[in-house]
Structure formats: structure tokens, C-alpha cells
Amino acid sequence: MLRYIVKRQNYICWDDFFMGVALLASQRSKDPHTQVGACIIKDKKIIGVGYNGFPNGCSDDEFSWEKPEKYFFIVHSEQNAICNCLDKKELIDSTMFVTLFPCNECAKIIIQSGIKKIYYLEDKYKDTDSVIASKKMFDAAKVSYEKFIPKKETLEINFK
């Protein structure tokens with residue numbers, strides 16, 4: 001007699017998984033003020049991940065983390081995720097999960113790369129000129145953006 005085992009029911013959905021990857025990437029940031037992560041996907045495959053930090057070769061012990069000086073040096077998570085994508089052609093029609101709504105500089109690079117959908121976790125700078133400009137450019141370029149609503153309230157990672 002065959003016995004069937006019932007599959008596990010409480011697994012995470014794809015979107016929660018991808019935003020979870022963006023959140024995990026944000027934990028790599030050494031920025032004492034804001035940690036941001038991004039995950040780019042296409043066809044349910046991760047094609048790029050990034051977090052905010054200094055460029056390769058620029059020591060985070062030698063450059064300032066103070067505002068506003070750090071803004072001259074920091075590479076944003078969205079920029080790093082795009083740079084970390086091995087095949088730039090895969091970016092066309094892809095989706096980005098990002099923990100903070102993209103600034104205007106990142107919006108330009110997102111649009112130029114061909115990304116067509118943004119899921120963001122927070123929009124805490126929504127009234128700033130930078131984010132207003134981002135939304136205006138996204139709308140003009142037909143890049144959709146949507147606040148991410150998780151299916152699960154928490155994700156747990158335990159190394160035990």
C-alpha cells in the first residue's frame with residue numbers, strides 16, 4: 001500500500017523570499033544610519049543582489065560615514081545589485097525588490113538597465129524632491145512600483 005506524505009504548509013511565498021534576500025543583503029551594510037538591500041529577479045531566479053556601501057577598493061575605515069560627506073562616496077544597493085548582475089541582458093523586464101524606495105539617481109540607472117517592476121518595503125523619504133523625481137521618471141518610463149505587503153509578518157534565520 002502506498003502512503004503519501006502531505007507537503008509542508010507554512011513555507012514562504014516567492015515574493016517574501018526575494019524581499020527577505022534584500023533584507024538579508026541590507027545587513028551587510030556598514031552604514032551606521034541606513035542599511036538598504038536590493039534583490040533583482042527574473043523568472044523566479046536571483047540575477048543580482050546589492051547593499052549600500054563604499055566602492056570596491058575604498059576602505060570603509062578611511063572614508064567618512066558622516067552625513068553629508070558619505071553621500072559623495074556611497075554606492076546605493078540598487079546600483080550595486082545592477083553592477084553585480086553578471087549578464088546585463090537579463091536585467092531587461094526584470095523585477096527589483098528593495099528595502100527603501102529608490103532615489104532619483106538610482107531611478108535613472110534602474111530605468112536605463114531595463115528593470116520594469118519595483119517592490120519597495122519603505123518609502124520614508126516620499127516627500128523629498130529625490131523620491132518625487134524618481135516617481136515622475138518611473139511613471140514616464142513605465143516602470144511600475146508597488147509597496148511590498150508581505151504574506152508573513154516575520155522571517156526567521158537561525159544558524160543553530
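A residue is called buried when its relative accessible area is under 20%, exposed when that area is over 50%, and partly exposed in between, as judged with a 1.4 Å probe and protein chains only. By this definition five of the six residues of strand β1 are buried, so β1 is largely enclosed by the rest of the structure. The structure is a predicted model, in which local features need pLDDT of at least 70 and side-chain atom pairs count only at pLDDT 80 or more, while totals for chains, interfaces and linings use all residues. Residues are numbered from 1 along each chain as its sequence is written, and side-chain values use heavy atoms, with hydrogens and water left out.

The protein chain contains four helices and five strands, arranged along the sequence in the pattern α-β-β-α-β-α-β-α-β; here helices (H or I, at least four residues) and strands (E, at least two) are DSSP runs, numbered from the N terminus. Of the 160 residues in the protein chain, 39% are buried.

Strand β1 takes part in two pairings, where two strands are said to pair if DSSP finds at least two bridges between them. With strand β2 (residues 45-51), β1 pairs in the antiparallel sense over six bridges, and Gly 37 stands opposite Tyr 51 in β2. Two residues lie between the strands of this β1 and β2 hairpin, in which Asp 43 takes a positive phi near 55°. The pairing of β1 with β3 is also antiparallel, over four bridges, and places Ala 38 opposite Val 98 in β3.

Thr 95 belongs to strand β3 (residues 95-100) and counts as buried because its relative accessibility is 15%. Contact meaning heavy atoms within 4.5 Å, Thr 95 touches Cys 39, Ile 40, Ile 41, Ile 115, Lys 117 and Tyr 119, when residues up to four places away in sequence are not counted.

A nonpolar core is a set of buried Ala, Val, Leu, Ile, Met, Phe, Trp, Tyr and Cys residues joined through side-chain atoms within 4.5 Å. The largest such core has 22 residues, and those with the most contacts inside it are Ile 40, Met 96, Ile 110, Ile 115 and Ile 118. At least two residues of this core come from each of β1 (37-42), α2 (77-83), β3, α3 (104-113), β4 (117-122) and α4 (129-141). Apart from it lies another core, of nine residues, including Phe 18, Cys 39, Phe 97 and Tyr 119.
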